[in-house]
Amino acid sequence: MTFAIIKARRGRAAWLKLHLLLALGAGFLFALLGLTGSLSTYREDIDERLNPRLVIDAPSGDYQSLDKIIAAVRAAHPDRHGAWTLEMPRSPRGMITAWFDKPRETYFEWYAPLMVSVNPYTAEVVASRFWGSTFTTWLLDLHSHLHLGLSGRNTVGALGLLLMLSAGSGLVLWWPGVKGIIKALTIRRTSGMLRFATDLHRMTGFLSALALLMLASTGFLLSYPKALEKLTGAAGMGHGEADRTIISTAVPTNNPLGLEGAEFIARAPFPRAELRRITTPVGDSGVYEIHFRQDGEINQRHPFTTVWVDRWSGHIQEVRDPARFSAGQTAATWIWPLHSGEALGATGRLLWFLAGQTLFFLYLSGLFRWLCRRGVVADRPVDFAPLKTADYQAMTVTYRQRLMLWRLAVNGGHKALPQAAALWQALTRWLLIMKKSLRN
């Protein structure tokens, strides 16, 4: 019995050492990836908040034709010779985005396409921006490859493996046995900050472990696509890409097929599918590549339903239908939506956002515990008084905001009144919640 206890303690000590080494060596990068990833979950929403011109206030009528939209894009960028990809908006208030993969301005960067935002109702070019020059794309690049290109992507993939080890070792250290589960799920506030932070660290780690393991494993596979191909036996499955080169075999004519005609023909195999992207041909041998999304496809933004249409003959060159995918191909289509939270809908995105935030908290709480153990930071009683002071300050600011909004509503007339009233109600509800929390 004594030998078994000693062996168990040695095993626990080894796991604790591994967990500590991973936290000290890569904890900051884990936290960085968690914060950037959680914010990138709402990348489009944040971008629209920062750039209100990309949101159509009162959408009405039908979209302009695809041919008119691509003509507007080419008129705005006449020197861009190559393929354009039109990405359809995901809401009636969104813009069509025209992508140009290798603009000369960013040609030597690892990934920095030109993004042209077009109002689908008027065919007006609203904005032209390079990937990486906006806050949200810069943030996503930091998350996906640390702004270091391919070597950065490989580093992120390696961090995914280390995060799986960290989460796994944390679970081993947390597991108290069946009889000790209730105690392990208890947070003690009367035993000092060290114990309080330790309990919060363990509780947060336990609750987020499954999500973190999912994010880390899918992030690793996205960083190492060759590993995904070997695992699933499926090639060319990233973001709806195709592992094939399809060229036109028809004789060029003076009457090539336009985008509207190509989409109409491509709909024949999938009449009820939603158009997501259409890429223009390049050169005489180029063909249209048209991406649809069928009901039930797990990928929202990068679906795999694809039709290739010859612009000279109007014939369908090839069709890719996810309903006919092998088990390996189907598994590969799940990696990106699982990593982004897209597969779980709005709830999944929120959960993934919170999971990313927990990495930052786990790093801070674990660092605090380590510093306390080494005597760098002294333990102290748990005191929420500073938080209550901050709450009172926030309440004061809220009152001032309410007064300002009231004046705005009175002086701004009937146009400002609805917005001010809505904000007034939201602030009032928040204030009541704060009062109740302070009383408790």
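The model is a predicted one, and its chain contains 14 helices together with eight strands. Of the 440 residues in this chain, 41% count as buried.

**The chain as a whole**

- The accessible surface of the chain comes to about 25100 Å², and 61% of that area belongs to carbon and sulfur atoms.
- When contacts between residues at least 6 apart in sequence are considered, 63% of them join residues that are at least 24 apart.

**The second largest pocket**

- The second largest pocket holds about 770 Å³ of space, and among the 31 residues that line this pocket, His19, Ala23, His201, Leu362 and Gly366 are the closest to its centre.
- At least two lining residues are supplied by each of helix H1 (2-40), helix H5 (149-174), helix H7 (193-223) and helix H12 (345-373), with H1 giving the largest share of the lining, namely nine residues.

**Ser117 in strand E3**

- Ser117 belongs to strand E3, which covers residues 114-119.
- Ser117 counts as buried because its relative accessible area is 5%, and the cut-off for being buried is under 20%.
- If neighbours within four places in sequence are left aside, the residues in contact with Ser117 are Leu54, Met95, Ile96, Glu124, Val125, Val126, Ala127 and Arg129.

How values were computed:
Residues are numbered from 1 along each chain as its sequence is written. This is a predicted model: local features need pLDDT of at least 70, side-chain atom pairs count only at pLDDT 80 or more; totals for chains, interfaces and linings use all residues. Side-chain values use heavy atoms; hydrogens and water are left out. On a 1 Å grid over the protein atoms alone, a cavity is a set of points where a 1.4 Å probe fits but cannot get out, and a pocket is an open set with protein on both sides within 12 Å along at least five of seven lines; lining residues have an atom within 4 Å of a point. Grid points are joined across faces, edges and corners, and a volume is the space filled by probe spheres set on the points. Helices (H or I, at least four residues) and strands (E, at least two) are DSSP runs, numbered from the N terminus. Buried means under 20% relative accessible area, exposed over 50%, partly exposed in between (1.4 Å probe, protein chains only). Contact means heavy atoms within 4.5 Å. Accessible areas come from the Shrake-Rupley method with a 1.4 Å probe; for residues, only the protein chains shown count as cover.
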